[in-house]
Amino acid sequence: MKKPNFLKHAWLSFRRSPALTQNILQTLFLAFFGFYIAVSFLISGLVAGELIRDFFPGRDVLGMAGAFLIYYLPMDILMRYFLQKFPTLSIKPYLLLPVSKSAMIHYLLRRSLFSFYSFLPVFLTLPFFFVEVLPNASSTESIGFVVMVLGIIVSSNYISFWISKASDFNNSFSIVLLLLLFGFLFLEFKGITSFFPYLESAATAFFTNPIWWVMPIALASGVYMYLFFYFKKHLTAEKESKDETYLQNISLGFFGRFGHAGRLMDLEIRLLLRSKRARSYLLMSFAILFFPLIMSNSEGLGKEFTYILFGLLMTGMIALNHGQLMLSWNSLHFDLLQSRGNTIHDIFKAKYYILALSCVVTYVLTLPYVFYDPMIVVFNTALLFINTSFSIYMYMALAGYNSLRVDPDEGNSFSMSGFGAAHYLIGIPIMVFPIVLFYAGKFGFGSTTGGVLTLLVVGVVATIFHKKVIDACVNLFGKNRYKIAAAFRKE
Amino acid sequence: MIKIENLRKEYNGKEVLNIEDLTINQGEIVGLVGNNGAGKTTLFSLVLDLIKASSGRILSKEKDVSQTEDWKMYTSAYLDDGFLINFLTADEYFEFVGGLFDYSKTDIQTFVQQFEPIFNGEVLGQKKFIRQLSMGNRKKVGLIGALIGNPEIVLWDEPFSNLDPSTQIRVRNIIKEHSDNRTFFVSSHDLHHIAEVCTRIIILDHGKVVRDVKNSPEMKEELFEFFEVT
């Protein structure tokens, strides 16, 4: 049987993907974004040795680096599970051709390895390897380090491939795992327990004794072989249809009584809960609520800055994740929304209220922090109103320009296709404005309370005028609506 | 009902639709036929204000569709999957659309139930999202959804394609039975169905109206003659 040039097709599909061809500005921005991440990882890698010496004085740098790498493995698996795309259906067109199925599956599995997420650990460890490992460690230890990094990359890729496509693992389980990992980190940094020494000795053993190197190799090839035989048996042109009935019985008609906009809100809630992509954004948003637990205890100006940053994220993460793509979530049925019964105004009204409501819900969830650090709740109260006004207004204004089609059910992945330059830029005013406002108030009134009150008053007043802002955003959208609707239709 | 005036649509300088003057009256069942690329879907999209005309305008009850949203309360359409909400079940979809016209849950159930022969036990009351339905069943949901809310004008783009033969005939009967005081604007490649059910046939070719015949014995003949391949 012939072996077609799959790689050429993969390259063509990348070259001709709408994200790359539609918009040169967006492409440039993506390139810049990737470059930025790569550079910041490179720099972190360069200073990692110094950081370990600062935070863990007297400990073996290589051993601690190894401990962090071991800890990083489950994190990486989870990150890939949420973000990476494992496109098993991309080989559908080839299934009927006289091509050997084994060749196809090998291609499918190997191609998944060459993703952005595989290169992240390389960026992080490469400078560390040259600065710290090579000059100080023995040749066995150096090779051991490389084996560990490569082992983590390859195992992580195939384990999350397995989790995403070949197991019954689900989102709620992954959240539990994520919480556990953050929990360990929390206990470690607060000095309550310490399990890093165990990881450290495990890593040291790994680096010095090549016998252990068999472990990552066995793990990676074991999972690879399992996946290969699994797909050989199960891969067909059939779209996988998991049982999705579990969300059917929840009554979701609460807002219907509030007229057209209310019914659209019910629709939005269903979208949030039933679409894989929207759901994984939702789960990521809840994970943010635990961030203060691992937040550093620095004092002074930096402390207030952290309160604002985390407060904005905690009370506004759902709005941020969901609101950025505002109308894009409805791009698959936008023609229905804009041609029957509803007015554009109804749609924007529903979007505003659902996002504001999500801010209130996450705010309520952060209230228990009053027992941990009351200042968190004080800041969150003020920032809640900044989110229900300024932040959401920005997203609504952005909706007048954002013409990206999003399939909310497209895997539990973070597809870059839904993101444009505006999405990265919008984060700047949303973060900078409250910070400027706070410090203006703080230095104006001469106290932290003054700063918080300024945030609160501006937020409340701005929230009261939300109807006027909705009108303005509807008008803004009206100017571009044909262009946006046309882009929503394009696959 | 619908009045089209000097309507032109072009994409990248290439004209795809050019209709100088066309009026569709209340209660007409208008069949729109034409080969691929004739401009049928473009015309529908313009009537629904989904795309912007290059020049000219469309009036619905004397009001320009691109300037008001009034027509949205009495116009309904099913052109493609873009009119379905694929993360809802069929029942929830009907409920959502019914809600736009203040139908209660029982109202909508009674209304939809009369079409059960079409759904054939595969759609109503099923624990399946619309995205999990087959192409034919999705089409049925969309077509029936467009009848909700007592619309005065219904636009269906190729309602017969992808449906089984019995359902095609049932859809044809629905058009006949539900056409009192209602305008149907239906495009199709199936000349037999169109000839059978329509009271007026418009043939589009390369974006222009080339035939416009009203209920007459010659209508059917003219239709088949036009598409004859020699």
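Biologist: Which helix of chain B is B:Asn173 found in?

Modeller: This is a predicted model, so read what follows as computed from it. B:Asn173 sits in helix 6 of chain B, residues 165-177.

Biologist: And how exposed is B:Asn173?

Modeller: The idea is to count the C-beta atoms within 10 Å: 20 or more means buried, 12 or fewer means exposed, and anything in between is partly exposed. B:Asn173 has 13 C-beta neighbours inside 10 Å, so B:Asn173 counts as partly exposed. As for what lies across from B:Asn173 in space, take B:Val197: the two are 24 residues apart in sequence, with 8.1 Å from C-alpha to C-alpha.

Biologist: Is B:Ser216 buried or exposed?

Modeller: Exposed, because B:Ser216 has 12 other C-beta atoms within 10 Å, and the exposed class takes 12 or fewer. B:Ser216 can also be placed by distance: B:Thr199 is 17 residues away along the chain, and their C-alpha atoms are separated by 8.4 Å.

Biologist: Zooming out, how many helices and strands does chain B have?

Modeller: Chain B has eight helices and ten strands.

Biologist: What does the radius of gyration say about chain B?

Modeller: You hold the value up against the one for a compact globule of that length. For 230 residues that would be near 17 Å, and chain B comes out at 18 Å, so the two agree. Along the principal axes, the C-alpha atoms of chain B fill a box of roughly 45 × 40 × 35 Å. As for burial, 45% of the 230 residues of chain B count as buried.

Biologist: What about sequence separation in the contacts of chain B?

Modeller: Take the contacts between residues at least 6 apart in sequence, then ask what share joins residues at least 24 apart. In chain B that share is 68%. In chain A the corresponding figure is 82%.

Biologist: On to chain A, then. What is it built from?

Modeller: Helices: chain A has 19 of them and zero strands. Of the 491 residues in chain A, 36% are buried.

Biologist: How do I read a helix pair there, say helix 7 and helix 10 of chain A?

Modeller: Start with the angle and the axis distance. Helix 7 (residues 139-165) and helix 10 (residues 214-234) of chain A pack at about 25°, and their axes are 9 Å apart. Angles under 35 degrees count as roughly parallel, so helix 7 and helix 10 of chain A are roughly parallel to each other. Their crossing is left-handed.

Biologist: Which residues meet there?

Modeller: Helix 7 of chain A brings residues including A:Val147, A:Met148, A:Val154 and A:Trp162, and helix 10 of chain A brings residues including A:Ile217, A:Leu219, A:Val223 and A:Leu227. By class, this contact has 15 nonpolar residues, two polar and no charged.

Biologist: What about helix 4 and helix 6 of chain A?

Modeller: The axes of helix 4 (residues 61-83) and helix 6 (residues 116-136) of chain A come within 10 Å and cross at roughly 170°. Over 145 degrees is roughly antiparallel, so that is how helix 4 and helix 6 of chain A are related. Among the contact residues are A:Leu62, A:Asp76 and A:Arg80 of helix 4 of chain A, and A:Phe128 and A:Glu132 of helix 6 of chain A. The classes here are nine nonpolar, no polar and three charged.

Biologist: And how do helix 15 and helix 19 of chain A cross?

Modeller: At roughly 130°, with the axes of helix 15 (residues 344-366) and helix 19 of chain A coming within 10 Å. Helix 15 and helix 19 of chain A are therefore oblique to each other, and the crossing is right-handed. The residues that meet include A:Phe348 and A:Tyr352 from helix 15 of chain A, and A:Ile470 and A:Phe477 from helix 19 of chain A. Seven of the contact residues are nonpolar, three polar and one charged.

Biologist: Last one: how many residues are in contact between chain A and chain B?

Modeller: 27 residues of chain A are in contact with 28 residues of chain B. On the side of chain A, helix 11 (259-274), helix 14 (334-339) and helix 19 (466-489) each supply at least two residues. Helix 11 of chain A gives the largest share, six residues. By class, the side of chain A that touches chain B has eight nonpolar, eleven polar and eight charged residues.

Notes
Residues numbered from 1 in each chain as written. Chains lettered and ligands numbered in written order. Predicted model: local features only at pLDDT ≥ 70, side-chain atom pairs only at ≥ 80, totals over all residues. Helix = DSSP H or I, 4+ residues; strand = E, 2+ residues; numbered from the N terminus. Rg over C-alpha atoms; globule rule 2.2 N^0.38 Å. Contact = placed C-beta atoms within 7 Å. Axes fitted to C-alpha atoms, helices over the stretch in contact; angles between N-to-C directions. Parallel < 35°, antiparallel > 145°, perpendicular 65-115°, else oblique. Left-handed = near helix turned anticlockwise from the far one by under 90°. Nonpolar A, V, L, I, M, F, W, Y, C, P; charged D, E, K, R; others polar.
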